[in-house]
Amino acid sequence: MLNTIGALGEFGLIARLTAGFPQTDDVIIGPGDDAALVRAGDGRVVATTDLLVEGRHFRRDWSTARDVGHKAAAQNLADVAAMGARPTVLLLGLAAPPELPVDWVDGFAAGLAAECAAAGAAVAGGDTVGAATLTIAITALGDLGGVPAVRRDGARPGDVVAVAGNLGMSAVGLDLLRAGLPGPDPCLDEHRRPRPPYREGPRAAALGASAMLDVSDGLLQDLGHIAAASGVAIDLDPAALRPASEVEEAVARLAAAGADPRRPLDYVLAGGEDHALAATFPASVRLPGRWSIIGRVDAGEGVTVDGSPAAPSGWDHFS
Ligand SMILES: Nc1ncnc2c1ncn2[C@@H]1O[C@H](COP(=O)(O)OP(=O)(O)O)[C@@H](O)[C@H]1O
Ligand SMILES: Cc1ncc(C[n+]2csc(CCOP(=O)(O)OP(=O)(O)O)c2C)c(N)n1
Ligand SMILES: [Mg+2]
Ligand SMILES: [Mg+2]
Ligand SMILES: [Mg+2]
């Protein structure tokens, strides 16, 4: 039987790839977090990279070029913010077929520029090649301003779990697109142009967040990374995870169209591409308005909802 990476799954593949990679004193935080932290001269820089592949992350008939520019930047800048850092600089890799309209490139660049401006980041360089599949590879850098990075491994029993940003809208928006249901719909907007709460990353670090990440693959799966890295259990409070009315309404639209949607709560728990920030904080911290408490950290392992093992799983590129 063929031994393929499909059987390993995305995270098995990453573990296998990175197992033998050299780690020197220049690497302060290596593979395994939202971003790396590396030495740079006398200082430190946060560094992360995420790819977007046409057909896999976006479709040109579902999103405008401008949308894709916004999303490509946002997906990467969110990983910087999730370390508690301020995004500073982005590098753009672009692989594109020669048939790609110039208008598309112009729109993409405008969207990328606008999202970078919103986060306070500049574009410092990149690379451009021809290829069969339109692919965007972005590297984003960030500045911690002298504070420690917020990793995935610092959650402690007794901490609270909190989220800034919205959950479930992007995934239900994707299902609207799959079902061919037209807009306007706020969930479509959220899917096309996620709005990570960039400034809440450094703010959470200043408040003493013990762990943090951005929700890209689905809340349960991503909180599972915090639970595993920290050696703790996380229990979520379903009452605190009530889906936004926009999610409820989009699910109702899908059901009315016979599209067999998931339950609203499942979009919240396992949707993906939210790029909300999820963090753990000592219970004594008074959280600002953009953060809402959704659960608590206990001794043990795994993620549960109201004490029960959580069923829906998140995104895996290979299974
Ligand atoms: N090809 C690779 N080589 C080295 N490290 C990788 C590779 N792919 C993923 N990683 C690392 O694995 C971790 C998880 O990746 P990923 O799930 O994509 O993070 P995120 O969801 O925050 O973008 C990250 O720390 C990332 O740097
Ligand atoms: C055409 C299309 N199909 C499916 C999706 C859904 N989707 C693609 S990637 C992904 C998960 C997040 O992407 P990933 O590359 O894993 O980002 P990372 O976790 O590395 O930040 C989801 C939900 C989409 N956005 N567009
Ligand atoms: Mg991340
Ligand atoms: Mg990634
Ligand atoms: Mg990411």
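Asp217 sits in the loop between strand 8 (211-214) and helix 7 (219-230). In this predicted model, Asp217 is buried, because 23 other C-beta atoms lie within 10 Å and 20 or more are enough for that label. UniProt lists Asp217 under "binding site", in an unreviewed entry.

**Positions listed by UniProt**

- Which residues does Asp217 touch, leaving aside its neighbours within four places in sequence? The contacts of Asp217 are Asp222, Gly272, Gly314 and Trp315.
- The "binding site" annotation, again from an unreviewed UniProt entry, also covers Thr49, Asp50 and Asp127.
- Thr49 belongs to strand 3 (residues 43-53), and Asp50 is placed in strand 3 as well.
- Thr49 is partly exposed, since its count of other C-beta atoms within 10 Å is 14.
- Asp50 is partly exposed too, with 19 other C-beta atoms within 10 Å; a residue needs 20 or more to be called buried.
- With neighbours within four places in sequence set aside, Thr49 is in contact with Ala137, Ile138 and Thr139.
- On the same terms, the contacts of Asp50 are Gln75, Asn76, Asp79 and Ile138.

**The shell around ligand 2**

- Ligand 2 is surrounded by 14 residues, and the closest are Arg59, Ser216, Gly272, Glu273 and Trp315.
- What kinds of residue make up the shell around ligand 2? The shell holds three nonpolar, six polar and five charged residues.
- Both domains take part: domain 1 (26-143) and domain 2 (160-309) each give at least three residues to this shell.

- The protein chain is divided into domain 1 (26-143) and domain 2 (160-309).
- The C-alpha centres of the two domains are 22 Å apart.
- Where the domains touch, 18 residues of domain 1 are in contact with 16 residues of domain 2.
- On the domain 1 side, helix 2 and strand 4 (86-96) are the elements that give two or more residues.
- Helix 2 provides the largest share of that side, with nine residues.
- Sorted by class, the domain 1 side has nine nonpolar, four polar and five charged residues.

**Helices to look at**

- Helix 2 (residues 65-81) has 17 residues and reaches 24 Å from its first C-alpha to its last, close to the 24 Å expected at 1.5 Å a residue.
- Is helix 2 mostly covered or mostly open? Helix 2 is mostly covered, with 17 of its 17 residues buried.
- Helix 4 (residues 169-178) is largely enclosed by the rest of the structure, because eight of its 10 residues are buried.
- The buried residues of helix 4 are Met169, Ser170, Ala171, Val172, Gly173, Leu174, Asp175 and Leu176.
- The cover over these buried residues includes helix 5 (186-192), helix 8 (245-256) and helix 9 (264-270).
- Gly12 is found in helix 1 (residues 5-18).
- Gly12 counts as partly exposed, because it has 14 C-beta neighbours inside 10 Å.
- Gly12 and Gly43 are 31 residues apart along the chain, and their C-alpha atoms are separated by 33 Å.

- Gly180 follows helix 4 and has a positive phi, near 75°.
- Pro184 lies in the loop between helix 4 and helix 5, and the peptide bond from Gly183 to Pro184 is cis, with omega near 0°.
- Asp260, in the loop between helix 8 and helix 9, has a phi near 55°, a positive value in a residue other than glycine.
- Why does Asp260 count as exposed? Asp260 has 9 other C-beta atoms within 10 Å, and 12 or fewer makes a residue exposed.
- Asp306 lies in the loop between strand 12 (302-305) and strand 13 (308-309), and its phi is also positive, near 50°.
- Asp306 counts as exposed because it has 12 C-beta neighbours inside 10 Å.

Terms used:
Residues numbered from 1 in each chain as written. Chains lettered and ligands numbered in written order. Predicted model: local features only at pLDDT ≥ 70, side-chain atom pairs only at ≥ 80, totals over all residues. UniProt positions renumbered as here; feature names shortened; annotations may be inferred. Helix = DSSP H or I, 4+ residues; strand = E, 2+ residues; numbered from the N terminus. Contact = placed C-beta atoms within 7 Å. Expected span 1.5 Å × (residues − 1). Near = placed C-beta within 6 Å. Nonpolar A, V, L, I, M, F, W, Y, C, P; charged D, E, K, R; others polar. Domains from an automatic or database assignment.
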